[in-house]
Amino acid sequence: LEQSKKNIAAILAGDLSTRQIIERIREYYVHLASDGEHCTFMLGVQLYSLQHPEIRPHVAEWLKRDRALVVEQAQDVYAAIGKEPPYSTEIVALGLISVSQGLGLTQAIDPAQIPPELVARTLETLFDRIAALDETIRS
């Protein structure tokens, strides 16, 4: 989590145009969300906790911290580009997390079904739509 905070902060601290910030943030999201091992691990831990109630509170706290970080980062990005989010930043964060986990799981089960380049294009498209940043780039 700390490395992610540093990476986003570095992107936002640069002397970049709005377009460049959005492109870098999108690239970073696609890079993280394309990590099938990470997405599968996250889902595996969640599923494991469903069968082992004694660890469920710890997993829930871990997920809560992870989600809070993504919400905070979304707020920072919108503030940096001077745009209001299309929905609450929590909805944007949950949408992006859900998309990456779903694609990551499907690709982990059958990598031939969704080749890496299709995963990347899908994540880019959905990032733009969920975060409503595609219009910002065009304007």
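In helix 6 (residues 116-131), the buried residues are V119, A120, L123, F127, D128, I130 and A131, where buried means under 20% relative accessible area, exposed over 50% and partly exposed in between, with a 1.4 Å probe and protein chains only. The model is a predicted one, in which local features need pLDDT of at least 70, side-chain atom pairs count only at pLDDT 80 or more, and totals for chains, interfaces and linings use all residues. Residues are numbered from 1 along each chain as its sequence is written, and side-chain values use heavy atoms, with hydrogens and water left out. Helices are DSSP runs (H or I, at least four residues), numbered from the N terminus. At 1.5 Å a residue, the 16 residues of helix 6 should span 22 Å, and the end C-alpha atoms are 22 Å apart, in agreement; the expected span is 1.5 Å times one less than the number of residues. Helix 6 is followed by A132, which has a positive phi, near 55°.

Two packed helices are described by the angle between their axes and the distance between the axes. Here axes are lines fitted to C-alpha atoms, for helices over the stretch in contact, and angles run from 0 to 180 degrees between N-to-C directions. The axes of helix 2 (residues 18-33) and helix 6 come within 9 Å and cross at roughly 130°. Helix 2 is therefore oblique to helix 6, given that angles under 35 degrees count as roughly parallel, over 145 as roughly antiparallel, 65 to 115 as roughly perpendicular and the rest as oblique. The crossing of helix 2 past helix 6 is right-handed; a crossing is left-handed if the near helix is turned anticlockwise from the far one by less than a right angle, and right-handed if clockwise. Helix 2 contributes I22, I25, R26, Y29, V30 and A33 to the contact, and helix 6 contributes A120, L123, E124, F127 and D128, contact being heavy atoms within 4.5 Å. By class, this contact of helix 2 with helix 6 has eight nonpolar, no polar and three charged residues. For these classes, Ala, Val, Leu, Ile, Met, Phe, Trp, Tyr, Cys and Pro count as nonpolar, Asp, Glu, Lys and Arg as charged, and the others, Gly among them, as polar.

Helix 2 also packs with helix 4, at an angle of about 160° and with the axes 9 Å apart. That makes helix 2 roughly antiparallel to helix 4. The crossing of helix 2 past helix 4 is left-handed. In this pair, T18, I21, I22 and I25 of helix 2 meet V77, A80 and I81 of helix 4. The contact of helix 2 with helix 4 comprises six nonpolar, one polar and no charged residues.

Between helix 1 (residues 2-13) and helix 2 the packing angle is about 160°, and the axes are 9 Å apart. Helix 1 and helix 2 are therefore roughly antiparallel to each other. Helix 1 passes helix 2 in a right-handed crossing. From helix 1, residues Q3, S4, N7, I8, I11 and L12 meet I21, R24, I25 and Y28 of helix 2. The residues of this contact of helix 1 with helix 2 divide into six nonpolar, three polar and one charged. R24, located in helix 2, is partly exposed, with a relative accessible area of 41%. Apart from neighbours within four places in sequence, R24 is in contact with I11 and L16. The C-alpha atoms of R24 and E124 lie 11 Å from each other, although the two residues are 100 places apart along the chain.

Helix 5 (residues 89-109) has 21 residues and reaches 30 Å from the first C-alpha to the last, close to the 30 Å expected at 1.5 Å a residue. Buried residues of helix 5 are T89, V92, A93, G95, L96, I97, V99, S100, Q101, L103, G104 and Q107. The cover of these residues includes helix 2, helix 3 (36-51), helix 4 (56-81) and helix 6. Q107 of helix 5 counts as buried at 14% relative accessibility. Beyond neighbours within four places in sequence, Q107 is in contact with S34, I114, P115, P116 and V119.

In helix 3, the buried residues are G36, C39, M42, L43, V45 and S49, and their cover includes helix 2, helix 4 and helix 5. P53 sits in the loop between helix 3 and helix 4 and is partly exposed, with a relative accessible area of 49%.

Key: Helix = DSSP H or I, 4+ residues; strand = E, 2+ residues; numbered from the N terminus.
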